Structure formats: C-alpha cells, structure tokens
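Have a look at the structure first, then read on.

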Amino acid sequence: MTVDRVLNATLEKAGVAAGLLKGLEILSASGADKAGNETVHLATNDRIEKALADGSLGVCIHVTGGARALTDPVHRSVCTAIVGRGNHPFTVLYKVPAEKRSNRNRIVEWNLRQWGQKGFRNWRERFQAIDLVGHRSVDLKAYDAGHEIQFSVFGNRFIQIQGEHSEAAKSKLVWLIRSERINEALTEQALKASSKSADIDESLFREFSLDLHSVLSRYLLRKVASKPGIDRDGLLGDPNLMNAIGDPPEVLDGLRVMDFIVQDQASALKVTDQGREFLSSL
C-alpha cells in the first residue's frame with residue numbers, strides 16, 4: 001500500500017468521509033522512526049506558531065493517548081505562547097484512570113509514567129511539563145482514545161494524524177496535512193469527544209510543584225541525606241514535623257514520585273543523585 005493510500009485509510013478510519021480526501025496536501029510525513037517523527041512534530045509546531053502569529057489559530061485540540069506531546073520542549077513553548085497571547089489553551093484529551101484524577105501525587109505519577117516512555121533529559125524538564133499544566137497553559141481532559149485514531153487539529157486547516165499504534169510504541173506513522181474540510185470534520189469529532197470527557201483539575205499539578213519546592217520538602221531531603229539508614233517511620237516521627245506547614249507524608253510521597261528519594265529493600269530511605277541536585281537548587 002502506498003503512503004497516500006495508508007494516509008487515506010487512516011483518515012477514513014478516523015471517520016473522515018472519502019469524499020473529503022480529495023485535494024488534501026501533505027506538508028510533512030514520517031514512517032515509524034524517531035527522527036522522522038521529530039521532523040513532523042517540528043513542522044507542526046512551526047505551523048502552530050505561524051497560525052498564532054497571523055491570528056488564524058482556530059480550535060486547537062489533541063486527541064491522544066498519553067499526552068506525550070508535552071514532553072516536547074518546543075511544543076511546551078508554543079502552548080505557553082498561545083495562552084500568553086490571550087488565546088484558549090490547547091485542549092488535550094488523553095487517558096487518565098478515574099481513581100487517579102483527584103489526587104495530586106497519583107495524577108502526576110501517572111503522567112510521569114506515561115511521559116517517561118518518551119523521556120525527559122533531567123528532573124528540570126519534568127518540572128517544566130508539570131508547571132506547564134499547573135499554570136493552565138493546556139486544558140487537560142480525561143478521555144480514553146486508545147482504541148481510536150489519534151490526531152490534532154489547529155489553524156482551521158491543519159491536522160497532524162497518527163497511524164494505528166500500540167500505547168507502548170515510541171514511534172509511529174505520522175502526517176501533517178492541510179485541508180479545511182478535513183480539519184472541520186475532525187474538529188467536530190474532537191469537540192464531541194471533549195463533551196464526553198472528564199475535566200482534570202490542573203491546579204493539582206501546581207500544588208504538587210509547590211509542595212516539592214517548599215521548606216518542608218527541603219527539610220525532608222536534608223534529613224534523609226544526613227541520616228543514612230533512616231526509614232519512613234523514623235523520618236515522619238521527627239518531632240520537628242509536628243508543626244510543619246504542609247503534609248509530611250504527602251510531600252515525602254511526592255519526592256518519591258519525582259525519584260528524589262528511594263527506599264531500598266531494607267526499607268531505608270536514600271536521596272538519589274538527582275534528589276541531591278534538586279536539593280542544592282532549593
């Protein structure tokens with residue numbers, strides 16, 4: 001099957017009527033390889049920036065599985081610019097289990113695990129993604145699109161669409177195309193999906209970040225670093241924590257979520273190398 005036929009089949013599976021496919025323009029395309037995917041993503045971000053600059057941004061929605069676009073520093077910058085210029089943030093529909101949606105540590109942990117399949121270079125980039133959400137530079141909504149074709153619409157005429165792939169796939173077929181008619185059809189579908197989604201409280205991400213940058217967080221890190229072999233009960237039994245501002249068990253768990261503190265087989269806590277680096281930044 002040729003590339004064009006694969007694209008057409010993907011669009012039809014996404015619910016686009018065959019009669020709308022005529023005249024579409026492929027602006028960038030990639031097979032299932034990381035470098036090619038990055039090229040298409042870069043082209044997509046460039047088109048978003050141009051649409052933002054000329055006032056034609058339109059409705060911007062990602063219908064995705066793991067919201068892994070937020071691991072891309074260029075896309076994070078674009079999302080920040082969209083909101084900074086007074087526009088509605090990019091809506092991101094993605095899978096979040098119901099039991100994790102209302103607890104800040106659990107929802108951040110879920111996102112980090114999903115994002116980790118693409119990965120961050122360091123803990124600073126993890127915080128950048130968390131803070132992007134916490135500052136409401138994207139509008140997160142829980143929606144399981146795992147069984148559907150995943151796509152993004154923006155600029156009233158642009159679509160980035162992915163070929164079918166498993167949730168664990170690190171690369172996939174992906175196209176950036178231009179077509180007002182296909183954009184209109186998929187935007188309608190995305191808005192319908194959004195109406196069936198559950199809103200995610202982005203302030204949970206902000207609270208998580210504030211917790212980990214707090215005086216309490218610094219105290220816990222320093223205590224563990226200075227007391228080799230201390231366990232959870234020994235740490236949380238510290239009388240100095242009785243009047244602490246914040247929730248010591250919650251903050252300790254957050255430090256674990258960020259891999260700043262780990263527990264060995266003997267239940268002893270240890271500050272990791274990145275935890276020490278983070279501590280030195282506080």
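## Surface and overall build

Accessible areas here come from the Shrake-Rupley method with a 1.4 Å probe. By that method, the chain's accessible surface is about 13,700 Å², and carbon and sulfur atoms hold 48% of that. Keep in mind that this is a predicted model.

The chain has 282 residues, and 49% of them are buried. Its secondary structure amounts to eleven helices and ten strands. Laid along its principal axes, the C-alpha trace spans about 70 × 40 × 30 Å. As for contacts with a separation of 6 or more, 74% are between residues 24 or more positions apart.

## The second largest pocket

What lines the second largest pocket? The lining has 13 residues, and they split into seven nonpolar, four charged and two polar. Nearest the pocket's centre are Ala14, Tyr143, Glu148, Gln189 and Ala193.

Helix H6, which runs over residues 180–195, gives the largest share of the lining, with four residues. The space inside this pocket is about 210 Å³.

## A closer look at Arg68

Arg68 sits in the loop that links strand E2 (61–63) to helix H3 (73–84). Is Arg68 buried or exposed? Arg68 counts as buried because its relative accessibility is 13%, and the cut-off for buried is under 20%.

Definitions and conventions: Residues are numbered from 1 along each chain as its sequence is written. This is a predicted model: local features need pLDDT of at least 70, side-chain atom pairs count only at pLDDT 80 or more; totals for chains, interfaces and linings use all residues. Side-chain values use heavy atoms; hydrogens and water are left out. On a 1 Å grid over the protein atoms alone, a cavity is a set of points where a 1.4 Å probe fits but cannot get out, and a pocket is an open set with protein on both sides within 12 Å along at least five of seven lines; lining residues have an atom within 4 Å of a point. Grid points are joined across faces, edges and corners, and a volume is the space filled by probe spheres set on the points. Helices (H or I, at least four residues) and strands (E, at least two) are DSSP runs, numbered from the N terminus. Ala, Val, Leu, Ile, Met, Phe, Trp, Tyr, Cys and Pro count as nonpolar, Asp, Glu, Lys and Arg as charged, and the others, Gly among them, as polar. Buried means under 20% relative accessible area, exposed over 50%, partly exposed in between (1.4 Å probe, protein chains only). Contact means heavy atoms within 4.5 Å.
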